[in-house]
Amino acid sequence: MSTHDDGSGAHLRVRRYSGSARINHWIVAISFVLLLLSGLSLFHPSLYWLSGLFGGGATVRWLHPWIGVVLVVAFIGLFLRFFAQNLPERTDWVWLARIRHVLKGDDEYLPEVGKYNAGQKFVFWSQSILVVILFITGLGLWEPGLAWVEKTFAFKATIDQLRIAALIHASAAVIAITIWIVHVYAAIWVRGTFSAMTRGFVTGGWGWRHHRKWLRKEVDEHKTDRPRVTPAE
Ligand code: HEM
């Protein structure tokens, strides 16, 4: 997806993510989609056909938890990189109180936003909590994981406890998928955002419109690219 000229400073390219941050993000994103598809195939018989994408029922049962391990490891990386910029600030509450203007695209009524707005921070923290819940309950539903937990904590899980773990796992997955849909929708809906995670850059106009406080800081610290003569793609 290309970036668009949002107004002032559109000829300026501002770095938003390093190459390693983008690779980290896309490992999380790809493993999330694979977990979603493999998880749904295990969730209900009507969705069993999805296991065909992974080579059948037995393979998907084996593969799903391992993809979960990949996601957890990659997510820890994402968490450590981004948590400081997702800490709540006073202006987040003002932004949330004016969510009507956010949805209408009336940015002039919104407070200046740092690297992330309150919506993005909500996605960040809720996914962080959900990944932990999915991992802990997932361990209980995975034979080697359960064996390890029982040995480490010297206890024997009951059938009822495992049923509750399955219920929490499925519920957390539904919430995580819903939040993921909102995340992807926002990335597409706010024009010029996608290139942040693909090419690593946004236009100055995008920064000015959506994350002005962040843009000011980047410009002060000279993190912007040389202004380009050609219009931003
Ligand atoms: C195919 C799916 C996905 C797409 C298209 C996508 C797209 C994007 C884009 C464009 C950004 C840059 C936003 C900005 O800098 O303003 C971003 C940031 C981010 N994404 Fe994704 N993403 C996807 C999946 C995921 C998943 C599954 C997770 C986690 C479970 C995730 C977590 C994040 C985080 C933590 C950030 C940084 C924003 C923040 O920390 O608040 N993304 N994503």
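Me: How do the residues of the shell around the ligand divide into nonpolar, polar and charged?
Reply: In this predicted model, the shell holds 15 nonpolar, six polar and two charged residues.

Me: Which residues come nearest to the ligand?
Reply: Of the 23 residues around the ligand, the nearest are A29, F32, Q120, A187 and M197.

Me: Let us step back to the fold. How many helices and strands has the chain?
Reply: There are 10 helices and two strands. Read from the N terminus, their order is β-α-α-α-α-α-α-α-α-β-α-α.

Me: What box do the C-alpha atoms fill?
Reply: Along the principal axes, the box is roughly 65 × 40 × 30 Å.

Me: What percentage of the residues count as buried?
Reply: The figure is 25% of the 233 residues. As for contacts with a separation of 6 or more, 73% of them join residues 24 or more positions apart.

Me: Which residues touch the most other members in the largest nonpolar core?
Reply: They are V28, L71, A74, F75 and L134, in a core of 13 residues. At least two core residues come from each of α1 (19–43), α2 (57–82), α5 (118–140) and α7 (159–189). Helix α2 supplies the largest share, with five residues.

Me: At what angle do α2 and α5 pack?
Reply: The angle is about 150°, and the axes are 11 Å apart. The crossing of α2 past α5 is left-handed.

Me: Which residues meet there?
Reply: From α2 come P65, G68, V72, F75, F79 and F82, and from α5 come F124, S128, V131, F135 and G138. This contact comprises eight nonpolar residues, three polar residues and no charged ones.

Me: Turning to α6, how many of its 11 residues are buried?
Reply: The count is zero, and the helix, residues 143–153, is hardly covered. A154 follows α6 and has a positive phi, near 45°.

Me: Where does D92 lie?
Reply: D92 lies in α3, residues 90–97.

Me: Why does D92 count as buried?
Reply: D92 is buried because 21 other C-beta atoms lie within 10 Å, and the threshold is 20 or more.

Me: What is D92 in contact with, beyond its neighbours within four places in sequence?
Reply: D92 is in contact with A118 and K121. Its C-alpha atom is also separated by 8.5 Å from that of P111, 19 residues apart along the chain.

Me: What about D106, buried or exposed?
Reply: D106 counts as exposed because it has 11 C-beta neighbours inside 10 Å, and the limit for that class is 12 or fewer. D106 lies in the loop between α4 (99–104) and α5.

Me: How far is D106 from W125, 19 residues apart along the chain?
Reply: The C-alpha atoms of D106 and W125 are separated by 26 Å.

Definitions and conventions
Residues numbered from 1 in each chain as written. Predicted model: local features only at pLDDT ≥ 70, side-chain atom pairs only at ≥ 80, totals over all residues. Helix = DSSP H or I, 4+ residues; strand = E, 2+ residues; numbered from the N terminus. Contact = placed C-beta atoms within 7 Å. Core = buried A, V, L, I, M, F, W, Y, C linked by C-beta atoms within 7 Å. Near = placed C-beta within 6 Å. Nonpolar A, V, L, I, M, F, W, Y, C, P; charged D, E, K, R; others polar. Axes fitted to C-alpha atoms, helices over the stretch in contact; angles between N-to-C directions. Left-handed = near helix turned anticlockwise from the far one by under 90°.
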